[in-house]
Amino acid sequence: MMQPKHLLTLCTALLTYLVNAQEMGFEQYNPTSTLVVPAHPTEQAKFPFIDMHSHHFRMPTQDLSELVAAMDSLNMAVMVNLSGGSGEHLKRAVANVRAHYPNRFVIFANVDFDSVGAPGWGQRAAAQLQADVENGASGLKIYKSLGLRNTDINGDRVAVDDPRLDPIWEKCAELGIPVLIHSADPRSFWDPMDSLNERWLELKLRPRRKRSNTDPAPWQQIIDEQHRMFKKHPNTRFVNAHMGWYANDLDTLSDLLDEMPNMYVGIGAVIAELGRQPRRARKFFIDYQDRVVFGKDAWQPSEYPTYFRVLETDDEYFPYYKKYHAFWAMYGLDLPDDVLRKLYYENALKLLPGLDTSLFPDR
């Protein structure tokens, strides 16, 4: 016969189990949907595509055959490596590409903003960019550190539209190369971290992403700086990464595209925003089909099929791959083939002339 103290221990353990089984934090709650609807998992893009937003910092030395094998499995024809650096690093990256897969990779240069404010800095930066283009760079990538972290020689924040940077944008127009620029972060990073914030879980898991109006400046101020810079340099073509953080407000983004004909947008890291508004997003892609390019950002081959499924199918209520980005389900946009072709490769070919068009159908 069980001793009373053992019986009490057993009951306590059972009660604890029952309580814990019913209570959990938001981080743990991740139910499997019981909804039964047609599903069309899409492992490859319908058409060969150009990924305009990828990062590979080891390209001077890495074995590119591994990348190409993964690209082939996705039907990716060309990858744009935005992290080409400058000077000798860029030259070595270009050399590796040209020696092994000259028609499969494009490399963008980067600018070092550490000495902004030093005499002649703008002219030297523009001259370095020209040298990088002569050495094989096809465009310029601007990281979000401009406007967030970069400071001048006096320790002051460098605004995105700082006039001391004008020689760079003017040189891009002169050379005919695009600028892919990432400014700020999702607006929710500036909002109070409370129960109303859609990015609460992301901010809890990655607290360094939290911003405020004084760290380093209000979100709208940074975004407005970017737009003023675009308008000041109408002959320079800018690709606004992450749809300029307006994928959750496509009416405003439409107005901005109308105001700035030299602005394109890339869809990297915002497919979750598009997949929760399939009707509105579909209309946007059709209306602005000449101004949107495909990009993924983080290189995770297993995540691309979610992009393809959102863009190509009419599937309903399927999962996203990162709960802390989106705790909601996705819906397919079922984009027309002519729009998909522009998104996947035709618009990028206009921005990046000289690519091997034999990689793409009907070219």
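Ala, Val, Leu, Ile, Met, Phe, Trp, Tyr, Cys and Pro count here as nonpolar, Asp, Glu, Lys and Arg as charged, and the others, Gly among them, as polar. The model is predicted: local features need pLDDT of at least 70, side-chain atom pairs count only at pLDDT 80 or more, and totals for chains, interfaces and linings use all residues. Residues are numbered from 1 along each chain as its sequence is written, and side-chain values use heavy atoms, with hydrogens and water left out.

**Figure 1. Lining of the largest cavity.** The largest cavity has a volume of about 40 Å³. Arg199, Ala269, Val270, Ala272, Glu273, Tyr320 and His325 line this cavity. By class, the lining has four nonpolar, one polar and two charged residues. A cavity is a set of points on a 1 Å grid over the protein atoms alone where a 1.4 Å probe fits but cannot get out, and lining residues have an atom within 4 Å of a point. Grid points are joined across faces, edges and corners, and a volume is the space filled by probe spheres set on the points. A search of the whole structure finds two cavities of 30 Å³ or more.

**Figure 2. Lining of the second largest cavity.** The volume of the second largest cavity is about 40 Å³. Its lining consists of Met52, His53, Leu180, Val239, Ala241, Gly266, Ile267, Gly268, Val293 and Gly295. These divide into six nonpolar, four polar and no charged residues.

**Figure 3. Helix 12 against helix 13.** Helices (H or I, at least four residues) and strands (E, at least two) are DSSP runs, numbered from the N terminus. The axes of helix 12 (residues 304-312) and helix 13 (residues 337-351) come within 11 Å and cross at roughly 150°. Axes are lines fitted to C-alpha atoms, for helices over the stretch in contact, and angles run from 0 to 180 degrees between N-to-C directions. The two helices are therefore roughly antiparallel to each other, a term for angles over 145 degrees. Phe308, Leu311 and Glu312 of helix 12 make the contact with Leu340, Leu343 and Tyr344 of helix 13, where contact means heavy atoms within 4.5 Å. By class, this contact has five nonpolar, no polar and one charged residues.

Figure 4. Asp185 is placed in the loop between strand 5 (179-181) and helix 7. Its relative accessibility is 4%, so Asp185 counts as buried; buried means under 20% relative accessible area (1.4 Å probe, protein chains only). Leaving aside neighbours within four places in sequence, Asp185 is in contact with Lys144, Leu148, Trp190, Arg211, Trp219 and Trp245.

**Figure 5. Met243 and Trp245 in the loop between strand 6 and helix 9.** Met243 lies in the loop between strand 6 (238-240) and helix 9 (250-259), and Trp245 is found in the loop between strand 6 and helix 9. Met243 is not a glycine, yet has a positive phi of about 55°. Trp245, also not a glycine, has a positive phi of about 65°. Met243 counts as buried because its relative accessibility is 0%. Trp245 counts as buried at 12% relative accessibility.

**Figure 6. The cis peptide bond between Asp215 and Pro216.** Asp215 and Pro216 are joined by a cis peptide bond, with omega about 0°. Pro216 is found in the loop between helix 7 (200-205) and helix 8 (219-232).

How values were computed. Buried means under 20% relative accessible area, exposed over 50%, partly exposed in between (1.4 Å probe, protein chains only). Angles under 35 degrees count as roughly parallel, over 145 as roughly antiparallel, 65 to 115 as roughly perpendicular and the rest as oblique. On a 1 Å grid over the protein atoms alone, a cavity is a set of points where a 1.4 Å probe fits but cannot get out, and a pocket is an open set with protein on both sides within 12 Å along at least five of seven lines; lining residues have an atom within 4 Å of a point.
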